[in-house]
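The sequence and the structure come next, followed by the terms and the findings.

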Amino acid sequence: AIALALVLVTAGCGGSPSSGGSTEATGGCEDVSAPAARDDGGGTAPKERLDPERTWTLTFDTSCGTFVVTLDLDSAPATAASLVSLAKAGYYDDTIFHRIVPGFVIQGGDPTQSGTGDPGYKTVDVPKADAAYTKGVVAMAKAADEPAGTSGSQFFVVTGDDVGLPPEYAVVGTVTEGMDVVERIGHAFEVVELAVD
């Protein structure tokens with residue numbers, strides 16, 4: 001298993017970061033300290049896809065509990081391989097959830113903590129025309145001017161029942177355990193560790 005850490009720095013309710021970089025314990029979550037921002041880029045897209053005979057999961061061990069995402073190799077094989085490669089390389093270690101919109105999404109995956117970072121390369125897995133972004137779906141963020149299915153490192157987990165997004169975002173997986181934890185994260189500050197199984 002590969003571990004990495006993310007910290008929530010914005011939330012719809014609950015505590016707020018103090019000047020010392022610490023966050024208040026909220027909603028049953030531990031008190032955590034925000035890590036320093038790091039440089040992004042410098043990554044190389046993986047040349048090989050993940051073994052489709054295996055079930056690939058990302059396990060987020062957080063200060064609010066644990067949730068598991070099962071990767072969807074049919075919908076996003078290039079993106080799934082990239083996420084696993086980045087996680088194994090420690091790219092996500094000490095990154096933050098920089099965007100939390102209650103009832104919509106939680107978003108992370110940027111070591112610069114600005115919401116603008118990426119690994120220095122892009123993958124493309126065009127979503128199906130009927131892609132649905134419902135509660136528990138994990139998809140990849142992209143800039144508005146990028147083609148559908150373009151992915152860097154930033155991901156989001158849908159926390160609303162049906163957020164009405166168009167089929168523009170590569171669907172990389174689904175939360176298969178711990179959706180209550182994801183919902184708790186949507187309302188609290190959080191440190192996350194991610195493991196690849």
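## Terms and basis

A residue is called buried if its relative accessible area is under 20%, exposed if that area is over 50%, and partly exposed in between, using a 1.4 Å probe and protein chains only. The areas come from the Shrake-Rupley method with a 1.4 Å probe, and for residues only the protein chains shown count as cover.

The model is predicted: local features need pLDDT of at least 70, and side-chain atom pairs count only at pLDDT 80 or more, while totals for chains, interfaces and linings use all residues. Residues are numbered from 1 along each chain as its sequence is written, and side-chain values use heavy atoms, with hydrogens and water left out.

## The chain as a whole

The protein chain holds two helices and 13 strands. Both kinds of element are DSSP runs numbered from the N terminus, with helices being H or I over at least four residues and strands being E over at least two. Of the 197 residues in the chain, 51% are buried.

A contact means heavy atoms within 4.5 Å. Taking contacts between residues at least 6 apart in sequence, 74% join residues at least 24 apart. The chain exposes about 8,400 Å², and carbon and sulfur atoms supply 48% of that area.

Helix α1 covers residues 77-88, which is 12 residues. From its first C-alpha to its last it reaches 17 Å, close to the 16 Å expected at 1.5 Å a residue; the expected span is 1.5 Å times one less than the number of residues. Nine of the 12 residues of α1 are buried, so the helix is largely enclosed by the rest of the structure. The buried residues are Ala78, Thr79, Ala80, Ala81, Ser82, Leu83, Val84, Leu86 and Ala87.

After α1 comes Gly90, with a positive phi near 80 degrees. Most residues other than glycine have a negative phi. Gln113 is not a glycine, yet its phi is positive, at about 60 degrees. Gln113 sits in the loop between β7 (105-110) and β8 (123-124).

## Salt bridges

Side chains of opposite charge can pair when their charged atoms come close. A salt bridge here is a side-chain nitrogen of Lys or Arg within 4 Å of a carboxyl oxygen of Asp or Glu, and the count comes to six. One of them joins Glu146 to Lys122, with the closest N and O atoms 3.2 Å apart. This pair links distant parts of the chain, 24 residues apart: Glu146 is in the loop between β9 (137-140) and β10 (150-151), and Lys122 is in the loop between β7 and β8. Glu146 is buried at 19% relative accessibility, whereas Lys122 is partly exposed at 41%. Asp118, Lys122 and Glu146 are linked in a network of salt bridges.

Lys142 and Glu168 form a salt bridge with an N to O distance of 3.4 Å. Lys142 lies in the loop between β9 and β10, and Glu168 lies 26 residues away in the loop between β11 (155-158) and β12 (171-177). Lys142 is buried, with a relative accessible area of 16%; Glu168 is partly exposed at 29%. Arg184 and Asp180 meet at 3.6 Å, N to O. These two residues both belong to helix α2 (residues 179-185) and are four residues apart, about one turn of the helix. Arg184 is partly exposed at 28%, as is Asp180 at 47%.

## Aromatic rings

Rings of Phe, Tyr and Trp (its six-membered ring) pair if their centres lie within 6.5 Å; planes under 30 degrees apart count as stacked, over 60 as edge-to-face and the rest as tilted. The model has four aromatic pairs. Tyr91 and Tyr92 make an edge-to-face pair, 5.4 Å centre to centre with 90 degrees between the planes. Both of these tyrosines, Tyr91 and Tyr92, are buried. Tyr91, Tyr92 and Phe155 form one aromatic cluster.

Phe156 and Tyr169 are also edge-to-face, at 5.7 Å centre to centre and 80 degrees between the planes. Phe156 is in strand β11, while Tyr169 is in the loop between β11 and β12, 13 residues apart. Phe156 is buried at 4% relative accessible area, and Tyr169 is buried at 19%.

A charge sits over a ring if NZ of Lys or CZ of Arg is within 6 Å of the ring centre and within 35 degrees of the ring normal. Arg54 lies over the face of Trp56 in this way, 3.8 Å from the ring centre.
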